[in-house]
Amino acid sequence: MSEIFQIYCPSCNSKLNAKTSLIGQTRNCPKCKTPVLIEPKRFDLDIPPAESSEPGVTEMHALEDSVKVPQLEFHNRYFILGLDRLVAFWEGTKGWQVNIGSGFGLARSNMSAIPDQGVFAFVEMILESGIPQKMNISKISSRAALTVLFRDAHAILGKLEEPVDLTLAQRDVLLRHLRQMFMSSVLENADEVIAYLMER
């Protein structure tokens, strides 16, 4: 009998249930119709694989209680900033959007637009009732860290380093983007976030 495990659509980030009997096959996401390769996530744990009743198929372990895999929160917003520009942003319904010069496009379709080196700031913007309330800011500097954006929406969380402050240029860039993203009535209630971005 096939076991069920969860995977994520690389395009719309929908959580999908898959049978172990389908591992290695491709099926279309029922929500956005993007082809999704059915494969379990691999973890670096010293847990031997379970015996499977089906030859060549390794059963998935229920690891959620023992291992918390970092995930982007659907209701929050995430931004990656270069020295003086917005490199990428994430919204739960669209996935990672990267700066392609003339606007933004899906990371998975615009691999060449993703910088493969540099020092970047990662901003997690926590929303409550749709209003930005707080930001957590981390440094990303490992070589080729951003290339994970087109493979796995959540993988960037494994590339974060120590907390940092945004530079004045980065604050200006993010503030401009927020003014395009949110209505002014929303930003009027985002006191802490706006105060930080306008601080000089």
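**Aromatic contacts: exercises**

Both Y78 and F122 are buried (under 20% relative accessible area with a 1.4 Å probe, protein chains only; exposed is over 50%, partly exposed in between). The model is predicted: local features need pLDDT of at least 70, side-chain atom pairs count only at pLDDT 80 or more, and totals for chains, interfaces and linings use all residues. Residues are numbered from 1 along each chain as its sequence is written, and side-chain values use heavy atoms, leaving out hydrogens and water.

**Exercise 1.** Classify the ring pair of Y78 and F122.

Solution.
- Rings of Phe, Tyr and Trp (its six-membered ring) pair if their centres lie within 6.5 Å; planes under 30 degrees apart are stacked, over 60 edge-to-face, the rest tilted.
- A search of the whole structure finds four aromatic pairs.
- For Y78 and F122 the centres are 5.8 Å apart and the planes at 35 degrees, so the pair is tilted.

**Exercise 2.** Classify the ring pair of F89 and F104, then the accessibility of each residue.

Solution.
- The centres of the F89 and F104 rings are 5.1 Å apart with planes at 70 degrees, so this pair is edge-to-face.
- F89 has 8% relative accessibility and counts as buried.
- F104, at 32%, counts as partly exposed.

**Exercise 3.** Name the residues of the cluster linked by ring pairs.

Solution.
- The cluster consists of Y78, W90, W96 and F122.

**Exercise 4.** Find the distance from the charged end of R171 to the ring centre of Y196.

Solution.
- The criterion is NZ of Lys or CZ of Arg within 6 Å of the ring centre and within 35 degrees of the ring normal.
- The charged end of R171 sits over the Y196 ring, 4.1 Å from its centre.
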